[in-house]
Amino acid sequence: MAAAANFLVAGAALAAAECGPAAPSVTCSAAAYGNGIDYYVTPIGTLVLANPAMAVTGQGVLSGPRNTPNATSVMANQFASVKTSVNGFYGRGLMATSTGDATVEVTGGVVETTGQPAGGNAPIGVLAEVLGPGSGNALAVVNGTHVTTQGDATYGVMAYTGFGGTAAGSVTLNTTNAVVETAGVNAAALLAAAYHGPRTAPVSISMHGGSATTKGATSAALTAYSIDQSPVSVLVDGGGLVDAKGVDSPGVLAQSVGSTVDVQVLSGTVQAAGANSAAVQVVSGTTASVTNRGTLTSAAGDGIDASKATGGATIT
């Protein structure tokens, strides 16, 4: 796991409002936005991308009231591409952030970030974040999109809660036939994480088809993580490919410090090519379960590593 500072929302400037003034719902419909779309620190509810030919370059698409409990969402269901080339915060591809509910929904298109972390912020591809203290739910849904990142600690698709203070909401990350690839060190393709409890809301990743690939060291392809009492679950089905190529990089890493962990590979392939890397690794402060109906492979010969499940593991 990367240091939490890589998720930090730093003191970014006020929104540029490229698609009109703040409103409960703002629609962007131009064909090109050459310096991103910025509604960060802005009290809007929903930011909608509504042009199938839309190309966003330079900076990313950012929305959210940041430290207020208003729900915010980015609905990117009609766009062609978001390609960022700057480092840090403004290099993020698609982002919704709040202390209330934060949702990013993406369908089709291409999301690409090439920058590196800067000022404590990483240019993540798709990000739904609930800052603490807060009680909102973080939800990232990606359907048929090609997401790539190049920098270290630049996760492909990420949903998380609790940076900056206590958070009670759930964390949900769902992909369907998406292709997500990261090249850097410490850069999970899919990451669902919960920080700063006390909390019992679930943390989950569901990957239906498509692929999730990491190339760098310490970069599990799928990572689901809770530092508190949240149950953690990972589901892979639909013939998907989970592929971690670096050292110390499991295909799936599922961890809960104080609750249960459940991993189900119902079809498809989960593979880990690097040293010290199991196809599936589960870490639990209580019990863990792993169900495999697909194919698990690893260079180390460790298809499943459940050695750190304190209360034992059930493997079927």
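Trainee: What makes the pair Thr316 and Thr291 a polar contact?
Mentor: The side chains of Thr316 and Thr291 are joined at 3.4 Å, and a polar contact is a pair of N or O atoms within 3.5 Å, where within protein one must be able to donate a hydrogen and the other to accept it, and residues adjacent in sequence count only if both atoms are side-chain atoms. Bear in mind that this is a predicted model, in which local features need pLDDT of at least 70 and side-chain atom pairs count only at pLDDT 80 or more, whereas totals for chains, interfaces and linings use all residues. Residues are numbered from 1 along each chain as its sequence is written, and side-chain values use heavy atoms, with hydrogens and water left out.

Trainee: Which residues is Thr316 in contact with, leaving aside neighbours within four places in sequence?
Mentor: They are Val290, Thr291, Asn292 and Arg293, contact being heavy atoms within 4.5 Å. Thr316 itself is placed in the segment after β31, while Thr314 is found in strand β31 (residues 313-315), a strand being a DSSP run of E with at least two residues, numbered from the N terminus. Thr314 touches Ala288, Ser289 and Val290, again not counting residues up to four places away in sequence.

Trainee: Why is Ser249 called buried?
Mentor: Ser249 has a relative accessible area of 0%, and buried means under 20%, exposed over 50% and partly exposed in between, with a 1.4 Å probe and protein chains only, so Ser249 counts as buried. Ser249 lies in the loop between β23 (241-244) and β24 (252-256), where a polar atom of its side chain is 2.9 Å from the backbone oxygen of Val247 and 3.3 Å from that of Gly246.

Trainee: How do you know whether Thr149 and Asn276 are buried or exposed?
Mentor: Thr149 has 1% relative accessibility and therefore counts as buried, whereas Asn276, at 61%, counts as exposed. Thr149 is found in strand β14 (residues 146-149), and a polar atom of its side chain lies 2.5 Å from the backbone oxygen of Thr154.

Trainee: What is noted about the phi of Asn276?
Mentor: Asn276 has a positive phi of about 60° although it is not a glycine, and Asn186 likewise has a positive phi, of about 55°. Most residues other than glycine have a negative phi, and most peptide bonds are trans. A cis peptide bond, with omega about -5°, joins Gly132 and Pro133.

Trainee: Which residues line the largest pocket?
Mentor: Among them are Ser249, Asn276, Asp302 and Lys308. A pocket is found on a 1 Å grid over the protein atoms alone, as an open set of points where a 1.4 Å probe fits, with protein on both sides within 12 Å along at least five of seven lines, and lining residues have an atom within 4 Å of a point. About 160 Å³ of space lies in this largest pocket, and β27 (280-284) and β30 (304-309) each supply at least two residues of its lining.

Trainee: What makes a set of residues a nonpolar core?
Mentor: A nonpolar core is a set of buried Ala, Val, Leu, Ile, Met, Phe, Trp, Tyr and Cys residues joined through side-chain atoms within 4.5 Å. The largest has 64 residues, and those with the most contacts inside it are Ile37, Leu94, Leu222 and Val263. A second, separate core of 19 residues includes Ala153, Tyr160, Ala193 and Tyr195.

Methods
Grid points are joined across faces, edges and corners, and a volume is the space filled by probe spheres set on the points. Helices (H or I, at least four residues) and strands (E, at least two) are DSSP runs, numbered from the N terminus.
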